[in-house]
Amino acid sequence: QGITIFASGAGSNASRIIDYFRNSTLARVCLVICNKPGAGVISIAEKEGIPVLIIEKERFFKGDGYLPEIRQASTNLIVLAGFLWKIPHSLIDAYPRRIINIHPALLPKYGGRGMYGQYVHESVLNAGEMESGITIHYVDEHYDNGDILFQTACPVLDTDSPESLANRIHQLEHLHYPLVIDDLIKSLQ
Ligand code: GRF
């Protein structure tokens, strides 16, 4: 099975997913799609010999967008890992329940448009939450909205800054995202 990762940032999750599936007999990362030239994820993928496609907004949201390239790479599952654009209808229709995203909070709280990066953790801290966590969910046409596949929580400490909370959450993401993808791929077979 082919996994295409969509990422716009540093790519730490993409890196863990690539590592995890490097020796898998079930699946491999076949393509990385990125909308930000120069993003960290690009060099991570290139070092692994994984093809990278840099995409442009105008084409992404028009007609079939990049569907031909995504299909050409033998993509069975699309994994968003820090990808900040909405996913167009054409892609959702072409990959029904085969597009997933990870969000660094316990949805449905702290999700939706504009809820990304440090702002999510700042909001959790400002609200005085005792816990936060990660959510892995199917992608539909709204931000952070599809059915939830997996959630796990971690404590929020009195001494936390947005950075320390972000670090704790990143560790949860790195541990669980590859495992959830692995389970999903097994269920698709
Ligand atoms: C992750 O925290 C993810 O939950 C969010 O964007 C971040 C991406 O980080 N959607 P990285 O690029 O994988 O390091």
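Visitor: Before anything else, what counts as buried here?
Guide: A residue is buried if 20 or more other C-beta atoms lie within 10 Å of its own, exposed if 12 or fewer, and partly exposed in between, with C-beta atoms placed from the backbone. Buried residues make up 34% of the 189 residues in the chain.

Visitor: And what kind of model is it?
Guide: This is a predicted model, in which local features need pLDDT of at least 70 and side-chain atom pairs count only at pLDDT 80 or more, while totals for chains, interfaces and linings use all residues. Residues are numbered from 1 along each chain as its sequence is written.

Visitor: How many helices and strands are there?
Guide: The chain has 7 helices and 7 strands, where helices (H or I, at least four residues) and strands (E, at least two) are DSSP runs numbered from the N terminus. Read from the N terminus, their order is β-α-β-α-β-α-α-β-α-β-α-β-β-α. The radius of gyration, taken over C-alpha atoms, is 16 Å, close to the 16 Å that the globule rule (2.2 Å times the number of residues to the power 0.38) gives for 189 residues, so the chain is as compact as a globular protein of that length.

Visitor: Switching to the ligand, which residues are closest?
Guide: The closest are Gly-9, Ser-12, Asn-13, Gly-82 and Pro-104, among 14 residues that surround the ligand, a residue being near if its C-beta atom, placed from the backbone, lies within 6 Å of the molecule. Helix H1 (12-21), strand E5 (99-103) and helix H7 (162-188) each give two or more residues to this shell, and the largest share, 3 residues, comes from H1.

Visitor: Where is the cis peptide bond?
Guide: The bond from Leu-107 to Pro-108 is cis, with omega near 10°, and Pro-108 is placed in the loop between E5 and helix H6 (118-126).

Visitor: Which residue in that loop has a positive phi without being a glycine?
Guide: Tyr-110, in the loop between E5 and H6, has a positive phi of about 60°. Ser-74, in the loop between helix H4 (67-72) and strand E4 (75-80), also is not a glycine and has a positive phi of about 65°.

Visitor: Is Ser-74 buried or exposed?
Guide: Ser-74 is exposed, with 12 other C-beta atoms within 10 Å, whereas Tyr-110 is buried, with 21 other C-beta atoms within 10 Å.
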